[in-house]
Each structure stands twice: as C-alpha cells, then as structure tokens.
Amino acid sequence: MDGLEHLMTSFVLIALLFPFFGVISLFVLVGGVLFDVDHTLVYASKKRLRSKGISFKKMRHYFMHEHTKKDLKKNIFVFHTIEFLLLLGVLSFLNTLFLMMFLGLLLHLILDWAYEMMFRKAVKNLSVIAWLARAAKLGQKSARKRRT
Ligand SMILES: [Zn+2]
C-alpha cells in the first residue's frame with residue numbers, strides 16, 4: 001500500500017485516539033507510516049545501491065509495479081512481521097508510546113495484507129522465524145544438489 005494512503009488512514013486513527021490520549025496519539029504515525037522504512041533495506045539489497053544512493057521515486061515505482069509475488073515471498077520486511085508486532089504489543093504494557101506505535105502498525109499491516117491479497121494474491125512473509133527456517137531449508141537443498 002502507498003505511503004500517502006498509510007498517512008491518511010493513520011490520521012483517521014489519530015483523530016479517534018486523540019480525545020483519550022492527546023498529543024501522544026501522534027506516535028501512531030511511527031507504526032502507521034515510518035515502519036515502511038524496511039522497504040528501503042529490501043530495495044537497497046535488491047538493487048545493490050549502496051554507493052549510488054536511493055531515489056524515492058524509483059523505489060516507489062519498483063514496489064508498485066516491478067515487485068513480484070516471488071519477491072514478496074523471497075524478502076523479509078522486518079517491521080511487517082508478527083514478531084515485531086508482538087514485541088510492540090508487549091512493550092505497550094510498559095509505555096503508552098509503544099501502544100500508539102502498536103495500534104498504528106496493526107492498522108498498517110491489516111491494510112497492507114488486504115491490499116496485497118487483492119492485487120498480488122500473496123502477502124509479505126509474516127514471520128521472521130518461518131522465513132529463516134525456509135531459507136535454511138533452501139540452503140540445505142541447494143547444498144545437496146551441489147554434492148550430487
Ligand atoms: Zn507497509
């Protein structure tokens with residue numbers, strides 16, 4: 001889902017939370033918008049742009065038009081995982097700032113998943129643990145192929 005849509009939906013959530021939490025509800029923007037920063041890491045590793053820098057326009061085009069279903073499954077977006085959401089959920093018992101981030105991220109993930117299911121027929125990897133396990137299994141398979 002696009003950053004502008006995340007920004008608009010986050011402001012709707014902020015408007016709902018503001019009467020109860022006041023200015024602190026602005027931290028919804030961290031989970032609702034800023035955690036998309038993990039796309040930059042995936043894009044940088046895919047395009048090997050370490051020295052050239054990253055064009056936001058090209059990156060947006062890549063994720064909207066070039067990023068395939070296979071890419072969705074191959075890469076890990078660390079802030080878009082159940083583990084990260086659970087971490088924020090646990091931290092939200094300690095501080096209201098984390099609760100706002102948790103609520104923002106929860107809305108963000110629901111919208112991303114709905115968008116991806118409708119338009120890509122697949123979602124990002126939901127779990128870092130499952131992603132690591134699958135990567136290890138693929139590594140074992142390719143090692144076996146090399147031996148035979
Ligand atoms: Zn996202």
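These are my notebook entries on a predicted model of one protein chain.

**Entry 1: the whole chain**

I began with the secondary structure and found eight helices and zero strands in the protein chain. Reading along the sequence, I wrote the pattern down as α-α-α-α-α-α-α-α. I then looked up the extent of the C-alpha atoms, which fill a box of roughly 65 × 35 × 35 Å along the principal axes. Of the 148 residues in the protein chain, 21% are buried. I also checked how far apart in sequence the contacting residues are: among contacts between residues at least 6 apart, 68% join residues at least 24 apart.

**Entry 2: helix H1**

Next I followed helix H1, which covers residues 3-21. Where does the kink in H1 lie? I found it at Ala15, with a bend of about 30°, shortly before the proline Pro19. Just after H1, I noted that Gly22 takes a positive phi of about 70°.

Then I asked which residues of H1 are buried. My list has His6, Ser10, Leu13 and Ile14. As a reminder to myself, an α-helix has 3.6 residues a turn, so residues three or four places apart point the same way. The cover over the buried residues of H1 includes helix H2 (28-32) and H7.

**Entry 3: H3 against H4**

I turned to two helix pairs, and two packed helices are described by the angle between their axes and the distance between the axes. For H3 (residues 38-47) and H4 (residues 56-66), I have an angle of about 90° and axes 11 Å apart. H3 and H4 are therefore roughly perpendicular to each other, as angles from 65 to 115 degrees count that way. On the H3 side, His39, Thr40 and Tyr43 make the contact, and on the H4 side Met59, Tyr62 and Phe63 do. I sorted the residues of this contact into four nonpolar, two polar and no charged.

**Entry 4: H6 against H7**

My last pair was H6 (residues 82-91) and H7 (residues 96-119), packed at an angle of about 150° with axes 8 Å apart. That makes H6 roughly antiparallel to H7, the cut-off being over 145 degrees. H6 passes H7 in a left-handed crossing.

Which residues of H6 and H7 meet? From H6 I noted Leu85, Leu88, Gly89 and Leu91. Their partners in H7 are Phe98, Met101, Phe102, Leu105, Leu106 and Leu109. The residues of this contact divide into nine nonpolar, one polar and no charged.

Conventions
Residues numbered from 1 in each chain as written. Predicted model: local features only at pLDDT ≥ 70, side-chain atom pairs only at ≥ 80, totals over all residues. Axes fitted to C-alpha atoms, helices over the stretch in contact; angles between N-to-C directions. Helix = DSSP H or I, 4+ residues; strand = E, 2+ residues; numbered from the N terminus. Parallel < 35°, antiparallel > 145°, perpendicular 65-115°, else oblique. Left-handed = near helix turned anticlockwise from the far one by under 90°. Contact = placed C-beta atoms within 7 Å. Nonpolar A, V, L, I, M, F, W, Y, C, P; charged D, E, K, R; others polar. Bend = angle between axes of the 7 residues up to and from the residue. Buried ≥ 20, exposed ≤ 12 C-beta atoms within 10 Å, placed from the backbone.
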